[in-house]
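Work through these exercises with the structure open. Try each task before you read its solution.

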Amino acid sequence: METEVVNTNFKSEEYFINMGPQHPATHGVLRLLLTIDGEIIKKVEPDLGYIHRSIEKMCERDSYQQIVHLTDRMDYLSANINNEAVCLAVENALQLEIPERVKVIRTIIGELTRISSHCLWWGVMGMDVGALTTYFYGFRDREMINDIMEETCGARLTMNYNVPGGLMLDIHPNFVKRVKDFITHFKTKLPEYDRLLTGNIIFQKRTIGVGILSKEDAISFGASGPVGRASGYSCDVRKHHPYSAIDKVTFNEVLKTEGDTYARYLVRIQEMWESLSIIEQLIDNIPEGEHRVTTNAVIKLPKGEFYQKVETARGELGVYIISTGTKNPYRLKFRSPGFSNLSLLNHIAVGGKIGDLVATMATLDLVIPDIDR
Amino acid sequence: MTNEALQELVGNWLPELEFTEEESQFLNIHVSPQNLHTLMSQLKSNPETQFDYLFCLSGVDWGEKLGIVYHLESTSKRHIVVVKVTTEDRENPVLDTVYDIWATAEFHEREVFDFFGIRFNNHPNLKRLFLTEDWVGYPLRKDYEDDINMILH
């Protein structure tokens, strides 16, 4: 006869554990204070500031050309797009007419950056849930983009390629050919990603139905990028507030409605296809012309307030400049996508297990320097 | 909704509101701390405005005053508005939280408290976000001085 076994030796009670700041799944120096009952998460409280450099305070001291260099150090995987945000804000404030060539190159470089960031995310996403092979595949393909960047921008991670007024240098003569080679290469490799991980039953069990975020909550928490779009929230800045040459191309905003970890995964995979398509539409049509318009050596913005938003690989980056007409901003605020995306972690992780938290965090794609600005 | 229509509609709710459009690409609404929460809940819930997305919340030290700038967007109507509130009390600045209207404000307000020292009524977890608990002063204020860590011109 079967009787129900009641365990009287242990009491169920809550306790704290530390995750990070040196935990590999936190992708940097993020410390999470977990309140758990057994393995069930009751509360997640992020403890931030381990690498806060006070970039906003530094900006109040620096010239606008110098500020661009600081933005690389925020979300370093979207360095080019961060640069672009500040440059666009300054150019709009000065009402500079930017050559078409610059706009097209900026968009191509931006989409390459997005693919490179998503490749790295895909690699570490697999690693976080225990599939080590993805790490090598992701980094292999990202390496090709890094080589292209190195040749044209002179750097692999912190490019500093955009300057107010255009680009620091013109593109390398090999640029177009190498980008086309990459597209051909990546089109054969991206289906491999699906065969390796997307369809994997263990991976699906770890991600489907885990960390569900509703559309209403996504908007309320200010989610953006793939995190928002996986919840059915149309939040692509490239669609709603187009900038550079993005209005010259056609692309689909990838939307899913499930809002779980698997949906966020699928959105990023699909976005790589969309980015490839954007680059393909532009790479043969880079207009001739100047790569830069001359600006004053000392840039002074007119008195007023300027806001520019762009879509980085992680979501909406906002640059809010208050200028009093001098060579430094009076106040400069970066609205970073990771900051808002982190704030909803507690909301979607509660009730799950620690293993689920790791998978959820992997698809939030946090870059800590972007949060600790 | 155009800026003119917005101004007309929102102007009817509270007579004290001031509107400016100069030196900014958006419509700016200036509100007093007493009416901040009422205005914000109206902006979110009114079917004409539906500002459901708080995309930026910035603290600003205006010198005499401390203030907050809220950037709001409607995800259905796609219009944008900026709300500004200031307080003259630099010693003990207190404003109402908008965390109950937009959940993202919880973290943003903690950041503002950390760097500007503005306290928020009814905030669920108001403590320093980036700096340590024993940090003295509020670094993004204009009168903040730190001989060891700050490099001036």
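**Exercise 1.** Which residue in E5(B) is the bridge partner of Tyr70(B)?

*Solution.* Keep in mind that this is a predicted model. Start with the two strands. Strand E4 of chain B covers residues 66–73, and strand E5 of chain B covers residues 80–87. They pair in the antiparallel sense, over 8 bridges. Now look across from Tyr70(B): its partner in E5(B) is Val83(B).

**Exercise 2.** Find the order of the strands in the open sheet of chain B, and name the edge strands.

*Solution.* Step one: trace the 5 strands, which run in the order E1-E2-E5-E4-E3. The pairing is mixed. Step two: look for strands that pair on one side only. These are E1 (18–20) and E3 (53–61) of chain B. Neighbouring strands are turned by 20 degrees against each other on average, direction ignored.

**Exercise 3.** Which residues have the most contacts inside the largest nonpolar core?

*Solution.* The core has 144 residues. Ala89(A), Ile321(A) and Val83(B) have the most contacts inside it. Helix H4 (residues 100–128) of chain A gives the most to this core, with 12 residues. Finally, inspect Ala89(A): among the residues it touches are Phe306(A), Val319(A) and Ile321(A).

Key:
Residues are numbered from 1 along each chain as its sequence is written. Chains are lettered from A and ligands numbered from 1 in the order in which they are written. This is a predicted model: local features need pLDDT of at least 70, side-chain atom pairs count only at pLDDT 80 or more; totals for chains, interfaces and linings use all residues. A nonpolar core is a set of buried Ala, Val, Leu, Ile, Met, Phe, Trp, Tyr and Cys residues joined through C-beta atoms within 7 Å. A residue is buried if 20 or more other C-beta atoms lie within 10 Å of its own, exposed if 12 or fewer, and partly exposed in between; C-beta atoms are placed from the backbone. Helices (H or I, at least four residues) and strands (E, at least two) are DSSP runs, numbered from the N terminus. Two residues are in contact if their C-beta atoms, placed from the backbone, lie within 7 Å. Two strands pair if DSSP finds at least two bridges between them. Axes are lines fitted to C-alpha atoms, for helices over the stretch in contact, and angles run from 0 to 180 degrees between N-to-C directions. Lists of a residue's contacts leave out its neighbours within four places in sequence.
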